[in-house]
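Take a moment to look at the picture, then follow the points below.

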Amino acid sequence: MASLASWLFGIWVLLTWSPFTLEQELFGAGFAVAIAAVVAPFGGVVPPWRLLDPRRLFAVGWLVGDTLVRIVVANVELAYRIWAPSRPLSSGMVIVPTQARSPGGLTAVGLISSLIVDNQIVDLDRRSHHLQYHAVTVPEGGPAARRAAINGPVERRLERLAR
């Protein structure tokens, strides 16, 4: 329960980013503990202090950095497509395999890969381990090549976090 309360208090601090008062922080801490007590029976969470492990911190840094680079590149390409509409458009729906199996892993892959404007997750088939995306530009090749272009980089970075 302590790790869940810690995450919730961290979210409180981020949401109330303003000049801190003792009353505001005490209320946030109490609120975090109360919500953690209610939600705790649903299962544990990874404690935030595990991020202090240098390997995990390095892996998080690479995940964030790689994602930011892919976001910027995708946005520049989309802006160019808008400014030069003569470029051929090959948008559509694409189904790609995933190696993520846990609910948290699938959620992270879907959310992080959808931050990149090229692909937005639409559906998930947990039984066959496939994700469906709406793609601005459908990658060439078969399922393995499409996975390598869409969700593969995110899954590789997340695997390093799980170690």
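**Pockets and packed helices**

Helix 3 is the main contributor to the lining of the second largest pocket, giving six residues. Keep in mind as you read that this is a predicted model.

- The volume of the second largest pocket is about 230 Å³.
- Its lining is made of 15 residues, and those nearest the centre are Ala74, Glu77, Asp118, Asn119 and Thr137.
- Sorted by class, the lining of the second largest pocket holds eight nonpolar, two polar and five charged residues.

**The largest pocket**

- The largest pocket has a volume of about 480 Å³.
- It is lined by 13 residues, and Trp7, Val46, Leu51, Arg56 and Leu161 are the closest to its centre.
- Helix 3, helix 4 (103-115) and helix 6 each provide at least two residues of this lining.
- Helix 6 has the largest share of the lining of the largest pocket, with three residues.
- Ten residues in the lining of the largest pocket are nonpolar, one is polar and two are charged.

**Helix 3 and helix 6**

- Two packed helices are described by the angle between their axes and the distance between the axes.
- Helix 3 (residues 54-83) and helix 6 (residues 152-162) have axes that come within 8 Å and cross at roughly 165°.
- Since an angle over 145 degrees counts as roughly antiparallel, helix 3 is roughly antiparallel to helix 6.
- The crossing of helix 3 past helix 6 is left-handed.
- On the helix 3 side, the contact uses Arg56, Ala59, Val60, Trp62, Leu63, Asp66 and Arg70; on the helix 6 side, it uses Pro153, Val154, Arg157, Leu158, Arg160 and Leu161.
- Eight residues of this contact are nonpolar, none are polar and five are charged.

**Helix 1 and helix 2**

- Helix 1 (residues 2-15) packs against helix 2 (residues 22-39) at an angle of about 140°, and their axes are 8 Å apart.
- Helix 1 and helix 2 are therefore oblique to each other.
- Helix 1 and helix 2 make a right-handed crossing.
- Helix 1 brings Leu4, Ala5, Leu8, Phe9, Trp12 and Val13 to the contact, while the residues from helix 2 include Phe27, Phe31, Ile35 and Val39.
- The residues of the contact of helix 1 with helix 2 comprise 14 nonpolar, two polar and one charged.

Conventions
Residues numbered from 1 in each chain as written. Predicted model: local features only at pLDDT ≥ 70, side-chain atom pairs only at ≥ 80, totals over all residues. Heavy atoms only, no water. Axes fitted to C-alpha atoms, helices over the stretch in contact; angles between N-to-C directions. Helix = DSSP H or I, 4+ residues; strand = E, 2+ residues; numbered from the N terminus. Parallel < 35°, antiparallel > 145°, perpendicular 65-115°, else oblique. Left-handed = near helix turned anticlockwise from the far one by under 90°. Contact = heavy atoms within 4.5 Å. Nonpolar A, V, L, I, M, F, W, Y, C, P; charged D, E, K, R; others polar. 1 Å grid on protein atoms, 1.4 Å probe; cavity = no way out; pocket = protein on both sides within 12 Å on 5 of 7 lines; lining within 4 Å. Points joined across faces, edges and corners; volume = space filled by probe spheres on them.
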